[in-house]
Amino acid sequence: MKDDLALVCSGACMVHCLLTPIVIGFGAAGLLGEWLASEWIHKVMLVPVVLLAILSLPRSYKKHQNHWPLMLGVIGISIMVSALLGPESLETWITLGGGAVLITAHLWNRNLSLRFLPPQSG
């Protein structure tokens with residue numbers, strides 16, 4: 001469940017990164033364009049992405065014992081956070097790359113979690 005919600009949040013972040021330049025490019029954005037392009041919105045959108053990764057990936061690791069989704073998640077989050085610190089001209093591309101890595105981590109984590117069968121009692 002957490003991976004599904006995390007996928008939606010990470011996907012929404014990527015859609016935002018792709019659509020903002022298009023909306024601003026058409027010049028009809030007005031207040032919406034300013035809001036989408038503002039720096040605070042990037043930080044606000046990053047909060048649920050990071051929180052859901054922290055809640056989902058380590059807990060699932062304890063079940064399936066495969067460290068790769070957790071490692072990919074850490075890499076994806078690191079890339080996305082670094083996008084806020086790097087050059088603004090590359091922010092979209094860095095964020096998209098980090099988002100793709102994080103989405104891959106959640107998909108892999110979800111698939112491993114679905115395959116995990118707890119021991120049957122009785």
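**Getting to know the helices**

Trainee: What is the place of N109?
Mentor: We're looking at a predicted model, where local features need pLDDT of at least 70, side-chain atom pairs count only at pLDDT 80 or more, and totals for chains, interfaces and linings use all residues. Residues are numbered from 1 along each chain as its sequence is written, and side-chain values use heavy atoms, leaving out hydrogens and water. Helices are DSSP runs of H or I with at least four residues, strands are E runs of at least two, and both are numbered from the N terminus. N109 belongs to helix α5 (residues 91–115).

Trainee: Is N109 buried or exposed?
Mentor: Buried means under 20% relative accessible area, exposed over 50%, and partly exposed in between (1.4 Å probe, protein chains only). N109 has a relative accessible area of 1%, so N109 is buried.

Trainee: Which residues is N109 in contact with, leaving aside neighbours within four places in sequence?
Mentor: Contact means heavy atoms within 4.5 Å. With those neighbours set aside, the partners of N109 are D3, S56, L57, S60, H64 and P69.

Trainee: Is K62 buried or exposed?
Mentor: K62 has its place in helix α3. Its relative accessible area is 65%, so K62 is exposed.

Trainee: What share of the protein chain's residues count as buried?
Mentor: The protein chain has 122 residues, and N109 is a buried one. For the protein chain, the buried share is 33%.
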